Amino acid sequence: MAPDEHTAAPATVRRVARADETVRPTAPRFEHHVDARGIGSATPRVSWTVPAAPAGWRQAAYELSAERSGGRLSTGWVGSAEQVLVPWPGEPLASREEATVRVRVRGADGWVSGWSAPGAVEAGLLAASDWVAVAVTPSGPVPDADLRRPPLLRTELVVDRPVRRARLYLTAHGLVQAELNGVRIGDDELAPGWTVYPHRLVYATHDVTAHLRPGRNALGAWLGDGWYRGRLGFDGGTRDIYGDRLALVAQLEVEHTDGTRTTVATGPGWRAGLGPVLSAGLYEGEVHDARETPGGWSLPGFDDSGWQPVDVVDRDPATLVAPDGPPVRCTQEVAPVAVTRTGRGTWLLDFGQNLVGRLRLRVEGARGTRVRLRHAEVLEHGRLCTRPLRGAPSVDEYVLAGHGVEEWEPRFTVHGFRYAEVEGWPGELDAADVVARVLHTDMRRTGTFACGHPGLERLHENVVWSTRGNFVSLPTDCPQRDERLGWTGDIQVFAPTATALFDCAGLLSSWLRDLAHEQLPDGTVPWYVPTIYGNPQWSPPRPGAVWGDAAVIVPWVLHERYGDRDVLARQYPSARAWVDLVARLAGPSRVWDTGYQLGDWLDPAAPPDDPAAALTDPTLVATAYLAHSSRLLARIAGTLGRADDAQAYDRLSDEVRAAFRARYVRAGAALTSDTATAYALALRFDLLAEADRAPAASRLARIVADAGHHVTTGFAGTPVVLHALADHGHAATAYELLLQDGCPSWLYMVARGATTTWERWDSMLPDGTVNPGDMTSFNHYALGSVADWLHTGLAGLDALADGGRTLRVAPHVDPCVGWAETSLETPYGRAGVRWELDGEDVRLTVEVPVGARCTVVLGGREHHVEHGRYELVAPQLGAPRAADPEEVAALSPSPTV
């Protein structure tokens, strides 16, 4: 019997009331910040959630109350159901101004909640005129690249009056760590991160009130090459991309209890010297000679008479910007699971997890002892496999001072590794002597997944680790080799998964700003952002489908996940420029069949030395993406109230869809590229005539089966193939594809012991050797885009629009998994789903946050519910059929069914 022939009774639906459903909103948060100190907006948007409410309750109005330097103000009651990114109450904040905001809400029944706890916000330096600091660098000529040592800079100040608060505004050309009176300031790493520095240099705001003392104080800073002047990119890389001089920008503002302010800022009076860091590169690693440490250099009274003066270098203060999201931090420490002495006199450490970060040592030995650390993701023939590192040596060295137990961690480098080899360790190395410190942008975890299949749980965990390891200031492509670039196509295909796992709104919003800056005047989007010029294959940039479409798709994903309309408005010129460019390239035929394309990159059939040589016609992929992006751009225009644009881009999409069918679709829905990627894109992007969808889906299922349910897709096809199968009646085939563990497949990686997702389906070959291709990484998130289907298809929770205000629950239930659950912290609160098989029934639990609505598909019917926790039981069926309108109306009169 076909799935749509089932006539089972509707599911039973029960709302489970919570013990306490008192309406009380949470403390407001501002923009996408967890910590709203030093934000860059004078009118930050405000959000809150309502954790619980009685059945049927709906917010009808809200009131915001703000306490600030000018006193208290209130919006009064604002008639609105909005609770995500609502307008700032009252006048804009001034630079440095603090405010606390509370909220209360009123229901449609007139009942008024209590006030929330206060949310705190503080503006950073909002105008260029607020900056007194200038960028300073050690004076004198710049040494050759191989002779450069990262400098130290310092100054002193006197605190002669009681202090109310103190703030340090800090950034650099290069990487920076500050110290005040010998104490490190902040816990951020690799600051200020990587942006398009000529246009945007991010500064941090540090609360240093507790670090000041009456009388003399000293402020110092370490500088490192980082992305500013360090070597970046492949084929030897490029140095000094943004300049050859490191420079510090620091502004310490001390507000006194008498209302006065003392400002100490970088300028000509600072001094520069050399410290113990002999060299530091993101690819190379760091060399630190503890014997060279100038003791007390960041304490008052240090004799810096032998240090150099500083020179002022150009930095337009208008380009100094507050961060959009959290910084890079150490978020976890991982101890080695095995410590083995090798026959080479070294120690091999296995941390049991491929991660991104660096090692911290506790070591005791004679003065001058040199400890050398080498890193790699995998072993080959029992040794570190360093070939995939290409031109990134990833070697750290520490020379002991000989003063008892010494603790050390590199400051200005980061590595991708699971294994480390230690050379020169004095005596026996104990597992407690070394710990791996995990570094990434400190994004809040928002999504979870679990199920009854251990391999899928490990796969999902691998995706999480690859997200962490590649979200280091920006979305990168791999953390271990001489690359680590913000490839546009990779994040385009992965954005739905990333935003389901972490709150990466700030990081991706910041990166999109840089994409717009790097976009060429004709609309071309670079292959990676920020852009490095010099490699002839990738620069100057050329228009490429999938990659350039990030300009349209990533902003739309952020709007869907976070309800952020402003990011659409800000990125609209960039998105429109891309689609207009491709429309011109396609010309009247509306088929994009010119230029250079990567197509279905890393299709497993492509040879190791030519990852673009995929089975699918790249012009088919390019034309499919033009149809998709122009349709999304029409939706963006409609959301922004640009009705004329919406009609124009809808018309363009219709024309491209018609051209796609004319060029690539043959009789019987056969495509000119008879590949899984071609059919999956055509189905997922809705490019086929209605009569062709079912036969196309059947052909896709046959292609998958004929391949033994092994993966045959690359970057373009992998994110959509399971969706295309399951959404068109072939969920069983989707499961067989997902659960295949032979090479190539997702679970093949798991079977080979992977703890992150790989760049290639066969990064490690079945015989245990590493893929011979020049481009091989064991930590790469693009193929992990499958996790989107784990959340939305297998577990069945899909946040459709408006930051999760509209939800759909439609799990594809299968006995081979047995049960599954997923959750998502939406801007409205926690949404969750759990299903499990109980004999011939499916038991489903659904959690809908206050302010959201959800369509639940189970038992062949649709059930419409509002906030609350629901339990549903229905007979296990195949793919659900659409309910008749009369049945839907009968099943969904209220959330209390």
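Trainee: Is Glu 655 buried, partly exposed or exposed?
Mentor: Glu 655 is partly exposed, with a relative accessible area of 33%. Keep in mind that this is a predicted model.

Trainee: Which residue does Glu 655 form a salt bridge with?
Mentor: Its partner is Arg 590, and the closest N and O atoms are 2.9 Å apart. Glu 655 lies in helix α8 (residues 643-664) and Arg 590 in the loop between α6 (565-586) and α7, so the pair ties together parts that are 65 residues apart in sequence.

Trainee: How many salt bridges in the whole structure?
Mentor: The search finds 73. One of them joins Arg 513 to Asp 324, with 2.8 Å between the closest N and O atoms. Arg 513 belongs to helix α4 (residues 505-518), while Asp 324 sits in the loop between β24 (320-321) and β25 (328-334), so this pair ties together parts 189 residues apart in sequence.

Trainee: And why does Asp 324 count as buried or exposed, whichever it is?
Mentor: Asp 324 counts as buried because its relative accessible area is 18%, and the cut-off for buried is under 20%. Arg 513 is partly exposed, at 29% relative accessibility.

Trainee: What about Glu 407, which side chain does it meet in a salt bridge?
Mentor: Arg 362, at 3.1 Å, N to O. Glu 407 is in strand β32 (residues 406-408) and Arg 362 in strand β27 (residues 347-363), so the pair ties together parts 45 residues apart in sequence. Glu 407 is exposed at 51%, whereas Arg 362 is partly exposed at 39%.

Trainee: Which residues are linked in a network of salt bridges?
Mentor: Glu 98, Glu 122, Arg 164, Arg 165, Arg 167, Asp 207 and Glu 255.

Trainee: Switching to rings. How many aromatic pairs does the structure hold?
Mentor: It holds 31. Tyr 197 and Tyr 242 form an edge-to-face pair, 4.7 Å centre to centre with 75° between the planes. The pair links distant parts of the chain: Tyr 197 is in the loop between β14 (188-189) and β15 (201-202), and Tyr 242 is in the loop between α1 (226-229) and β18 (247-256), 45 residues apart.

Trainee: Tyr 197, buried or exposed?
Mentor: Buried, at 1% relative accessibility. Tyr 242 is buried too, with a relative accessible area of 17%.

Trainee: What are the distance and angle for Phe 351 and Phe 417?
Mentor: Their ring centres are 5.9 Å apart and their planes are at 85°, so the pair is edge-to-face. Phe 351 is in strand β27 and Phe 417 in strand β33 (residues 415-423), 66 residues apart. Phe 351 is buried at 2%, and Phe 417 is buried at 0%.

Trainee: Which charged end sits over the ring of Trp 465?
Mentor: That of Arg 468, 4.3 Å from the ring centre. Arg 106 lies over the face of Trp 77, at 4.7 Å from the ring centre.

Trainee: Last topic, the largest nonpolar core. How many residues has it?
Mentor: It has 196, and those with the most contacts inside it are Leu 700, Leu 738, Trp 746 and Leu 794. Helix α7 (residues 618-639) gives the most to this core, with 12 residues. A second, separate core has 26 residues, including Leu 153 and Ile 185.

Trainee: What is Leu 738 in contact with, leaving aside neighbours within four places in sequence?
Mentor: Among its contacts are Leu 456, Leu 459, Trp 746, Trp 789 and Leu 794.

How values were computed. Residues are numbered from 1 along each chain as its sequence is written. This is a predicted model: local features need pLDDT of at least 70, side-chain atom pairs count only at pLDDT 80 or more; totals for chains, interfaces and linings use all residues. Side-chain values use heavy atoms; hydrogens and water are left out. A nonpolar core is a set of buried Ala, Val, Leu, Ile, Met, Phe, Trp, Tyr and Cys residues joined through side-chain atoms within 4.5 Å. Buried means under 20% relative accessible area, exposed over 50%, partly exposed in between (1.4 Å probe, protein chains only). Helices (H or I, at least four residues) and strands (E, at least two) are DSSP runs, numbered from the N terminus. Contact means heavy atoms within 4.5 Å. A salt bridge is a side-chain nitrogen of Lys or Arg within 4 Å of a carboxyl oxygen of Asp or Glu. Rings of Phe, Tyr and Trp (its six-membered ring) pair if their centres lie within 6.5 Å; planes under 30 degrees apart count as stacked, over 60 as edge-to-face and the rest as tilted. A charge sits over a ring if NZ of Lys or CZ of Arg is within 6 Å of the ring centre and within 35 degrees of the ring normal.
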